[in-house]
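This briefing sets out selected features by topic. Please read it beside the sequence and the structure.

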Amino acid sequence: MKSAVILFPGTNRENDAIAALEQASGSKPQLVWHGETELPKVDLIMIPGGFSYGDYLRSGAMAGKSPVMRAVADQAKAGVSIIGVCNGFQILTETHLLPGALMRNAHLKFICKRAALKIENAETRFTSKYDAGQVVKYPVAHHDGNYFADSETLDRLEGEGRVALRYCDDDGVVAPETNLNGSQRNIAGILNEKGNVLGMMPHPENAIDPLHGGIDGRGLFSSMVEALS
Amino acid sequence: MKAKVYITLKNGVLDPQGKAIEHALGALDFGGVNEVRQGKMIELDIAESDEAKAKSQIEAMCEKLLANTVIENYAIELIG
């Protein structure tokens with residue numbers, strides 16, 4: 001699997017993304033700067049976390065309009081797989097590659113902890129190594145992770161199996177009290193209509209080494225390698 | 001031409017920052033505040049001097065960048 005990682009001014013999780021992609025695929029991803037208008041020919045494009053453009057205006061707003069994101073949108077339309085984590089998810093909603101928006105966490109606090117997540121759909125190129133309903137733990141680190149979409153959009157996402165992950169407790173119970181940040185229907189990650197674009201707030205790339213405190217994130221990367229190699 | 005753009009959250013979109021301000025006002029004994037909604041205001045100075053053209057330019061700016069119309073409304077005030 002060949003991959004690329006997009007870099008914006010203020011991105012800070014690129015090395016974690018590179019480490020996870022390299023561990024799973026055996027080859028180093030190519031780095032692409034935000035001003036580029038063309039992308040290398042790859043199977044997967046990852047938009048890592050951070051604070052692109054200092055989160056000015058809205059998280060992901062500036063990055064969403066940058067030259068490289070026009071190229072990413074073209075690649076998404078052509079069927080290339082795209083994964084956006086944290087700020088990457090915010091950027092994907094700002095470019096309208098994914099519906100909805102990520103707002104300030106409902107309790108207004110920055111959250112930095114390990115979160116339990118329920119795999120809602122295990123029949124995607126990103127999650128096939130997991131079982132449906134499985135509980136995994138990835139770290140979360142965000143201030144603007146409160147997923148919002150109108151109820152019609154939410155119903156469509158659910159109906160089409162496009163909710164990939166939800167915040168839950170250790171037993172997989174999805175409830176208001178297991179909702180970390182106020183997201184509508186506990187949504188932590190969603191897919192686009194074609195299933196080739198995934199956006200998620202939690203960080204699977206920070207759960208790939210026992211020293212991280214867990215290796216649950218490996219499944220996501222090995223799913224992609226299996227599907228895209 | 002100078003203009004101000006007011007960006008506010010749509011009705012029905014929860015505004016946790018507005019809620020926090022509302023609670024803080026209550027804690028400072030300002031009674032009778034029923035609801036607080038927070039937004040932002042952006043000032044622009046653009047070269048276009050024709051009002052109608054200026055307004056349509058700024059509308060395009062709002063649609064493309066200044067507002068996220070999934071969650072936000074915008075209002076444009078031309079100052080001249």
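Two strands count as paired if DSSP finds at least two bridges between them. Helices (H or I, at least four residues) and strands (E, at least two) are DSSP runs, numbered from the N terminus. The model is predicted: local features need pLDDT of at least 70 and side-chain atom pairs count only at pLDDT 80 or more, while totals for chains, interfaces and linings use all residues. Residues are numbered from 1 along each chain as its sequence is written, chains are lettered from A and ligands numbered from 1 in the order in which they are written, and side-chain values use heavy atoms, without hydrogens and water.

**Sheet of chain A**

- Chain A has an open sheet of nine strands with mixed pairing, in the order 2-1-3-4-11-10-9-6-7.
- Strand 2 (30-33) and strand 7 (135-142) of chain A are the edge strands, each pairing on one side only.
- From one strand to the next, the twist averages 25°; axes are lines fitted to C-alpha atoms, for helices over the stretch in contact, and angles run from 0 to 180 degrees between N-to-C directions.
- Strand 1 (residues 3-7) of chain A runs parallel to strand 2 of chain A and is joined to it by four bridges.
- In this pairing, A:Leu7 stands opposite A:Trp33 of strand 2 of chain A.
- Helix 1 (residues 14-25) of chain A packs on the sheet and touches strand 1, strand 2 and strand 3 (44-47) of chain A, where contact means heavy atoms within 4.5 Å.
- The direction of helix 1 of chain A makes about 175° with that of strand 1 of chain A.

- A:Pro202 lies in the loop between strand 11 (197-200) and helix 6 (218-228) of chain A.
- A:Pro202 is buried, at a relative accessible area of 0%; buried means under 20%, exposed over 50% and partly exposed in between, with a 1.4 Å probe and protein chains only.
- Beyond its neighbours within four places in sequence, A:Pro202 has contacts that include A:Val85, A:Leu117, A:Tyr138 and A:Tyr167.
- A:Phe89 is 113 residues from A:Pro202 in sequence, yet their C-alpha atoms are 9.7 Å apart.

**Cysteines**

- Over all chains there are zero disulfides, a disulfide being a pair of cysteine sulfur atoms within 2.5 Å.
- For A:Cys168, which is in no disulfide, the nearest cysteine sulfur is that of A:Cys86, 18 Å away.
- A:Cys168 is buried, with a relative accessible area of 7%, and B:Cys62 is buried at 0%.
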